[in-house]
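Hi,

Here is the structure I promised to pass along.

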Protein chains: 2
Amino acid sequence: MRIEVVAVGTELLLGQIVDTNSAWLGGQLAAAGIDSHFHQAVGDNLGRIVLALRTALARSDGVIVCGGLGPTHDDITREAVAAVMNVELVRDESQVERIRAMFETRGRSMPENNLRQAEVPLGATLIPQVLGTAPGLVCPLGNKVLYVLPGVPYEMTEMFTRAVLPDLVDRAASQGSPAVIASRVIRTWGMSESGLAEALAPRVAAHETEAGHAGSSVTMAFLASGMEGIKVRVTAKAPTLQAAGDLLDAEEAEVRALVGHAVFGVDEETMESVVGDLLVRMGLGLGVAESLTGGLVASRLVGVPGASRWLRGSVVAYDATVKQKLLAVPPGPVVTAEAARAMALGARLALGADVGLSLTGVAGPDPDEGQPPGTVFVGLAMPGASAVPGEAGGVSSGGVSSGGVDLGVEVLELRLPGDRERVRQYAATSALDLLRRRLQARAGGG
Amino acid sequence: MRIEVVAVGTELLLGQIVDTNSAWLGGQLAAAGIDSHFHQAVGDNLGRIVLALRTALARSDGVIVCGGLGPTHDDITREAVAAVMNVELVRDESQVERIRAMFETRGRSMPENNLRQAEVPLGATLIPQVLGTAPGLVCPLGNKVLYVLPGVPYEMTEMFTRAVLPDLVDRAASQGSPAVIASRVIRTWGMSESGLAEALAPRVAAHETEAGHAGSSVTMAFLASGMEGIKVRVTAKAPTLQAAGDLLDAEEAEVRALVGHAVFGVDEETMESVVGDLLVRMGLGLGVAESLTGGLVASRLVGVPGASRWLRGSVVAYDATVKQKLLAVPPGPVVTAEAARAMALGARLALGADVGLSLTGVAGPDPDEGQPPGTVFVGLAMPGASAVPGEAGGVSSGGVSSGGVDLGVEVLELRLPGDRERVRQYAATSALDLLRRRLQARAGGG
């Protein structure tokens, strides 16, 4: 069963708001095993809403249209739906009473405009509103169906969950599409998108060969996601949720066997949550010293619930004299491996932490201390630490060389591409990834 | 001239990412006076991308398609475009060399997959990439045009601005579209959306009365934007860019006359860039001490180009002992006005700054030290500072009371609504807004 989502609102086309409703509905439909092959957005114009709905009905089994149910003159989805159904709009008196009562309980009289929200295309069924004034609609069109929902996200999600999803699942079952779609996001850092695709090419080939066996299939897609790394999305289609989950488990194991060193988490896990979990498990406290990232590493770590158990704090030493005073960095150049080393030790000491992580470098756009933008030194001081030889080369998506080891402090040098913001973001994730690898190696988990 | 935007990517349909590209392009097109009546999203499927492009070409004068230009097997926009044009894909050897050279400068060899990014539909013109590996395309289709752009937002926006927008403006001019649309975003903090709408209701009424006079019109929209505050977007339509700009200037003056105390900037200005400009002008250095915001304030400040001229650094004192050791906060409770005061003074001293700004509080979800989530104390230590009486009430969108003044340190107490992330973000902006107001009052500019 294929459902198309149509979002109505000129503000969407003008970019004044981003259409989060369609993304949310897409996720809900996929989770229910219902395909959604197209989304559309269209402005508050009668002819164009009609055209968008007819286009959607021609290429799908059903349509969910969101928005344009308000009380004002530019809310014309009801009229467009009536035109597509080729019927009249009739006023539903029980709705008029309901809306009038809603205004009365708030001590206000109902504006005449709101009467429009009680109009229903002949033959359509009302979906009662429980949070606002605009009811939804279920409109039969031959063997297809059109659902009309309000555009306010919290009203839309409530109405979809309560009334539309159960109806859709019933229809899908009666049409005999038993398949369930489930997906899993495998998160990686340290490989380019094309390098990852090349390493996983045998899996893609295997899926193409196996496609359609016993009604099951697996597909794989790659998604470059900036400082969140490259995501590998595995989607499984199977007769039951259990079977789809088994396919995902098997596929994740295959992916880890091929590129496991680059995998840092799955689904909702983030680089910072994975680091936090490891620190909790190992009973270690972390202190950070940041220069070019200016608090970005710390603020990502603080976003992890329960961070107070393992995060001591961070010294954002943007000014060179602050580096000297708070972190005991010797006077002299600060875009160096030596400065990163001193900062990591300084963070451990100043913040009373077991582990010290530091970043210094040049975000750009101009060079600094003769170093080009994108030059970053990451320092990591761990109790009894020693670098794992031959592994540093995979840590960053830019060029990488590993620095020396001294007194349990490791330094990683990065050359990151991109503008100021990108350099800062990639530096932050690269530093956290170094910490993750060392903690996992120590914990015996990676 | 009507341009349809088509976003390609199964991840959009599945709701794994929200399509921000289409919204951004919609805003750019509107600003250039180019209509956009429909947007579509479609998955990584050849037949369906072809169908979406044909649908778009049938109802528009041109199409911008984004995404599906990566190096992997699921990136098939090039193939779909060639099918719509009914031509072959041919390899462009100069592109092959360019991509190969890009990998070489990073010390890596080019995976075979990347050769696909050098393929061009016969008759299309390449748009060179300057940030990544996938070039864009301009594809003529009779008297219509199809632009192909990468889906990575920062590559897409750069390429659109550099190559597509000028081409579109030329085409629109040759088709004789005379009206120019310009818009300005007026950024506010400290008023609710409905409060702002109520205060600006006379302007909205005036626009409705004046609409259509001499081919000119002004419209106003409100957009709640989280930690960036509430944006008032004013759009003017006029025969020339000069006339549209004059309308915007006049409207901004009207808005400032009504709600000027809440306006902190326009267009690209941010709360942090405004604070940075004021600090530079006044020759002051800033030091920050953060607890619940965990580096968020510092990392926003570091994002301002030239921040090193006025930002000394930040102490992220997440752990109570760090507050005592680095900031000389007395032992005892830390979610208090006294702790905020000590932290502001400590930041000034520890970081060698003229101005000390501090934040301590409870992000949630659980209460801390008997204080409910959303309780935040902001401390501000300025040389010779004294609180401006009767002004604190407008600083936050939550409830606000101003604390005592002592030794040049002011403390503001906030009760912020929302979850952990929202409390942190609103606390950061509220603290920067307090600093902005005090600096502007001192500079005589606000």
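Below is what I found, starting with one chain and then moving to where the chains meet.

Just keep in mind that this is a predicted model.

Let's begin with chain A. If you draw a box along the principal axes, the C-alpha atoms of chain A fill roughly 80 × 60 × 40 Å. As for burial, 52% of the 446 residues of chain A count as buried. And if you take the contacts in chain A with a separation of 6 or more, 66% of them come from residues 24 or more positions apart.

Now for the meeting of the two chains. Chain B puts 69 residues into the contact, and chain A puts in 67 residues. On the chain B side, several elements each supply at least two residues, including helix 2 (20–31), helix 3 (46–59), strand 10 (217–224) and strand 14 (311–317). Which of them gives the most to that side? That would be strand 14 of chain B, with seven residues. Sorted by class, the side of chain B that touches chain A has 31 nonpolar, 27 polar and eleven charged residues.

Strand 14 of chain A (residues 311–317) pairs with strand 14 of chain B in the antiparallel sense, over five bridges. To get your bearings there, look for A:Gly313, which stands opposite B:Ala317.

Cheers

Definitions and conventions
Residues are numbered from 1 along each chain as its sequence is written. Chains are lettered from A and ligands numbered from 1 in the order in which they are written. This is a predicted model: local features need pLDDT of at least 70, side-chain atom pairs count only at pLDDT 80 or more; totals for chains, interfaces and linings use all residues. Two residues are in contact if their C-beta atoms, placed from the backbone, lie within 7 Å. Helices (H or I, at least four residues) and strands (E, at least two) are DSSP runs, numbered from the N terminus. Ala, Val, Leu, Ile, Met, Phe, Trp, Tyr, Cys and Pro count as nonpolar, Asp, Glu, Lys and Arg as charged, and the others, Gly among them, as polar. Two strands pair if DSSP finds at least two bridges between them. A residue is buried if 20 or more other C-beta atoms lie within 10 Å of its own, exposed if 12 or fewer, and partly exposed in between; C-beta atoms are placed from the backbone.
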